[in-house]
Amino acid sequence: MCGIVGYVGADHAKEKIIDGLKRLEYRGYDSAGIALPIDGKIQIRKHVGEIRNLEKIIGEPEFDSAVGIGHTRWATHGAPSDLNSHPHGNSDNSIAIVHNGIIENYQEIKEWLARDYGVTFKSETDSEVIAHLIGIFYDGDLLEAVNKAVAEMRGAYAVCAIAAAEPDKIVAVRKDAPLVAGVGKGFNFIASDIPALLKYVRQVYLIENNETVVLTKDDIVIYNEEGRKVRRDVFNVTWDADAAEKEGYEHFMLKEIHEQPKGIYETLTRRINDDGSIRLDGISMTKEDIENFNKVYIVACGTAYHAGLVGKLVIEKMAHVPVEIDVASEFRYRDPFVDENTLFIAISQSGETLDTLAALREAKRKGARVLSVVNVVGSSVARESDDVFYTWAGPEIAVASTKAYTTQLICMYLLGLYMGKTKGTIEDDYYDKVLSDLKALPDKVELLLKKEDEIAEIARKYHRREQVFFIGRGLDSGVSYEGSLKLKEISYINSFAIAAGELKHGTIALMEEETLVFALATQDFLYEKMVSNVEEIRARGARIISVAKEGRTEIEKVTDEVIYIPDCIDEVSPVLAVIPLQLFAYYVARERGCNIDKPKNLAKSVTVE
């Protein structure tokens, strides 16, 4: 969501902060700003729109400093505007802050500050109260003032603060929103995500929940909730920042679609031994452990939730254990049946999804064993889990997730196979067949990507439609939801997914002349039933694009377009079936002139409710 960058060093904070903010653009934002202590005062410049709008108003050489904080905002409280942009200052701009998250009791604090201190507020945001709170408590010690302000606040936040009277430091605090500190020589950074820092540092401190950090150019000091200093090992970042460049592709999303063979290969081969056995990144899950699980609970949001829909069916089939799946934002507000005999699986690309993190904590509180599937090493979800199963997708920059989804599917397959093999609920021949088809996926995805021009042509034909339906049965049903989400995310078309067998229970009323339907028919044992569903909607005049396995040509008789995927067993077809849906969504959005990598109102990492 919002991005934070702070720098303390010798000179040119402005340049480094702007560079860091640009590297966080993938998170989604609607305004940007920067605050610097200059000649005993804090100067704040901010502007609605893209970072380049901000750059136009900060060009003068005298607007620079050795210390500063910057921010890209995604609106929650108050519409996008210059006034609502961050940083925010207190009444005399002796204090400035940037903030990610939500202050739940901001209205109460706002009324108190206005009533008792005569504070006048300039913005509609919840964040501005933080600057005024710190200003009220400030008495020459910024750390103390921040701690006092935090004691009054409820919600989720990462806050960075500077004071005109202490122009050599930044004080930051974290609660349920990501924060990392970058370790340099003669300079240090604070940021909401690692990519912001990689041009300058490779060593970072991962700031934990309820910790406060004080940065000067020569030191980073971390304090826990009780105010005691914390010793923390540095985390060495090994992945390459250049992986976040487009490398000749028009958009990050297209690049990431084409990176899926590599991501699938990496996620697979790191976990398969020479003898065909599976290793789960050091996760120790014995036969006794698996047999003691009376339930598996998968919780996630958005695309990760759709990976969980496939994971549910795969784990149930292979491990013979009931699997429930829930949207994280719903799970956390009821009393789910989770106990010490539950395996709780949290799926998150960023590892910072607030609802998933809160659900994880609730499951741990109830005694469940927590296994997370995440793409970001050292993320909050990873750190708070008992076990972590990393996807090896590499950095994903486009807001609409593609390669994270397919690598999450691979993790679901490996987990299901491992549990089934260990528990003895799958035969060796079946295990070998699934594993063989999984190993063949990188090459098959490569072959499928060669149909890009064919799919782009279909997208050009239908890109003006304002309503599209996605249908499927069995595993195809879960993939349909993901295809629908991809299309609506980046093209803004009203797309809708439903299990094909449910059509007659209401949705078929919407089928009429020229209605566009994407029909997934990759499940062999459900193929004939799926063809019947397609015939039903074609009889109403609908236009149909089908996805089927090579050799299944019967469907050509009842469909307008067919995209064939390489043959495989039903269980692994979702990895292949989703590729045409991703490409279709991309090229439809491209034809419609949409901002594909940064669609409106969306953000990469959802760190607020």
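The model is predicted. The count of aromatic pairs comes to twelve. Helix α4 is largely enclosed by the rest of the structure. Helix α5 has its buried residues along one face.

**Aromatic rings**

- A pair of aromatic rings is described by the distance of the centres and the angle of the planes.
- There are twelve aromatic pairs in the model. In the pair of Phe331 and Phe344, the ring centres are 5.4 Å apart and the planes meet at 55°. Stacked pairs need under 30 degrees and edge-to-face pairs over 60, so this pair is tilted.
- Phe331 and Phe344 are both buried.
- Tyr7, Phe187, Phe189 and Tyr200 form a cluster, linked by ring pairs.

**Charges over rings**

- Lys110 places its charged end over the ring of Phe121. The distance to the ring centre is 5.3 Å.
- Arg552 lies over the face of Tyr527. Here the distance to the ring centre is 4.3 Å.

**Helix α5**

- Helix α5 spans residues 142-152. Its buried residues are Leu142, Leu143, Ala145, Val146 and Ala149.
- Why do the buried residues of α5 line one face of the helix? Seen down the helix axis, they fall within an arc of 160°.
- An α-helix has 3.6 residues a turn, so residues three or four places apart point the same way.
- The cover over the buried residues of α5 includes helix α4 (128-137). It also includes the strands β6 (95-103), β7 (155-163), β8 (166-175), β12 (211-216) and β13 (219-223).
- Asp141 makes a contact at the start of α5. One of its side-chain oxygens comes within 3.1 Å of the backbone nitrogen of Leu143.

**Helix α4**

- Is α4 largely enclosed or largely open? Seven of its ten residues are buried, so it is largely enclosed by the rest of the structure.
- The buried residues of α4 are Glu128, Val129, Ile130, Ala131, His132, Leu133 and Ile134.

**Backbone angles**

- Most residues other than glycine have a negative phi, and most peptide bonds are trans.
- The peptide bond between His86 and Pro87 is cis, with omega about 0°. Pro87 sits in the loop between β4 (67-73) and β5.
- Asp39 is not a glycine, yet its phi is positive, at about 50°. Its loop runs between β2 (31-38) and β3 (41-48).
- Is Asp39 buried or exposed? Its relative accessibility is 76%, so Asp39 counts as exposed; the cut-off is over 50%.
- His320 also has a positive phi, near 55°. This residue is in the loop between α9 (302-319) and β17 (323-327).

**A loop serine**

- Ser192 lies in the loop between β10 (188-191) and β11 (203-206).
- Ser192 has a relative accessible area of 2%, so it is buried. Buried means under 20%.
- Which backbone nitrogen does the side chain of Ser192 reach? It is that of Ile4, at 2.9 Å.

Technical notes
Residues numbered from 1 in each chain as written. Predicted model: local features only at pLDDT ≥ 70, side-chain atom pairs only at ≥ 80, totals over all residues. Heavy atoms only, no water. Phe/Tyr/Trp six-rings, centres within 6.5 Å; stacked < 30°, edge-to-face > 60°. Buried < 20%, exposed > 50% of the residue type's maximum accessible area, 1.4 Å probe, protein only. Lys NZ or Arg CZ within 6 Å of the ring centre and 35° of its normal. Helix = DSSP H or I, 4+ residues; strand = E, 2+ residues; numbered from the N terminus. Arc of directions from axis to C-beta. Contact = heavy atoms within 4.5 Å. Polar contact = N/O pair within 3.5 Å; in protein donor to acceptor, adjacent residues only side chain to side chain.
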